[in-house]
Amino acid sequence: MEKAIKKYWPFFLLPTLAAFIIGFVWPFLWGIFLSFHKFTTISKTTFVGLDNYLKVFQDSTFVSAFWFTAKFTVVSTVLINVIAFAIALALTRGLKGTNVFRTVFFLPNLIGGIVLGYIWQILLNGILTNLGRPLLSLDARYGFWGLIILMCWQQIGYMMIIYIAGLQAVPEDMLEAARIDGANRWQTLWRVTIPNVMPSITICMFLSLTNGFKLFDQNLALTAGRPFQQLGNGETIKTTEMLALNIVNAFGTSGGGNRGVGQAKAVIFFIVVAAISIIQLQASRRKEVQQ
């Protein structure tokens, strides 16, 4: 059997490699190519060099969406991981009904983003109306925190499962040794538990960071970028618009007949997310090695 695998390995590898090239590599390279062109359809392109990229950095809507996305990602990443870890820690203490709680916390992750967005739009707008506050689409602050609540509600259960797996893998003899040495629960948590759970923290941080930056469907359903703000130069800023939604809008009517700008935004978006993810992974893995 082993000899057969060694002999026929190309037949096992080639279908997967072909699917990867067709589904990812070729569209990615074609997208980079189009980012240097002015086009409305891919059959009619005009080379413009770096002009599309210059327009991106002169686009106030893109800059606004970038900083809004960055703020959202930082806040959501911290909240998701802290709360998910706390819940996982509580559910590994031998509480009654642990399996039921795990299921309940994980269920929101199974609901589609668009559906979640509309559900929370109705729910939060109803709450704000009863409190005499503006709707989500009328106040950027409520739109921001509405997105945070939605993201936490959906993602915490998934991250909780990963943290539970990490906590259950902590060697019992190390915990016992800490108790014998007189360490209290807080010291045991910081000196023993968290260092051993660093691989799970690395994974959860990576997922929450990338999910935060790439958020699209919930943003579209919950606020669609509203409320709008009119600048002095006549340009309209969507105050709760995130990067992914901004890129999609750039391919529509706001693109001004040149989808190359939207494609340039997509390339910059990829570079930013990839760079941040690599930096986070390297920083987290250094902690794993040190511990």
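**Close-up 1. Helix H8 and the elements that cover its buried residues.** In this predicted model, the buried residues of helix H8 are covered by elements that include H3, H6, H7 and helix H9 (198–214), where a helix is a DSSP run of H or I with at least four residues, numbered from the N terminus, and contact means heavy atoms within 4.5 Å. The buried residues of H8 are Thr188, Leu189, Val192, Thr193, Ile194 and Pro195; buried stands for under 20% relative accessible area, exposed for over 50%, and partly exposed for what lies in between (1.4 Å probe, protein chains only). Asn184 caps the N-terminal end of H8, with a side-chain oxygen 3.2 Å from the backbone nitrogen of Trp186. Residues are numbered from 1 along each chain as its sequence is written. Because the model is predicted, local features need pLDDT of at least 70 and side-chain atom pairs count only at pLDDT 80 or more, while totals for chains, interfaces and linings use all residues, and side-chain values use heavy atoms, with hydrogens and water left out.

**Close-up 2. Thr188 and its surroundings.** Thr188 lies in helix H8, which spans residues 185–196, and counts as buried because its relative accessibility is 11%. A polar atom of the Thr188 side chain lies 2.8 Å from the backbone oxygen of Asn184; a polar contact is a pair of N or O atoms within 3.5 Å, of which, within protein, one must be able to donate a hydrogen and the other to accept it, and residues adjacent in sequence count only if both atoms are side-chain atoms. When residues up to four places away in sequence are not counted, Thr188 touches Leu175, Ala178, Ala183 and Thr193.

Close-up 3. The largest pocket holds about 420 Å³ of space, a volume being the space filled by probe spheres set on grid points that are joined across faces, edges and corners. A pocket is an open set of points, on a 1 Å grid over the protein atoms alone, where a 1.4 Å probe fits, with protein on both sides within 12 Å along at least five of seven lines, and lining residues have an atom within 4 Å of a point. The lining of the largest pocket consists of 16 residues, and those nearest its centre are Arg93, Leu175, Arg179, Thr188 and Thr193. Helix H6 (140–168), helix H7 (172–180) and H8 are the elements that give two or more residues to this lining, and H8 gives the most, with 5 residues.

Close-up 4. The structure holds 13 aromatic pairs, in which rings of Phe, Tyr and Trp (its six-membered ring) have centres within 6.5 Å, with planes under 30 degrees apart counted as stacked, over 60 as edge-to-face and the rest as tilted. The rings of Phe68 and Phe144 are edge-to-face because their planes stand at 80°, with their centres 5.7 Å apart. This pair links Phe68 in helix H3 (residues 60–91) with Phe144 in helix H6, 76 residues apart, and both residues are buried. The rings of Trp120 and Trp153, with centres 5.5 Å apart and planes at 70°, are therefore also an edge-to-face pair, and they link helix H5 (residues 113–130), which holds Trp120, to helix H6, which holds Trp153, across 33 residues. Trp120 counts as buried at 11% relative accessibility, whereas Trp153, at 38%, counts as partly exposed.
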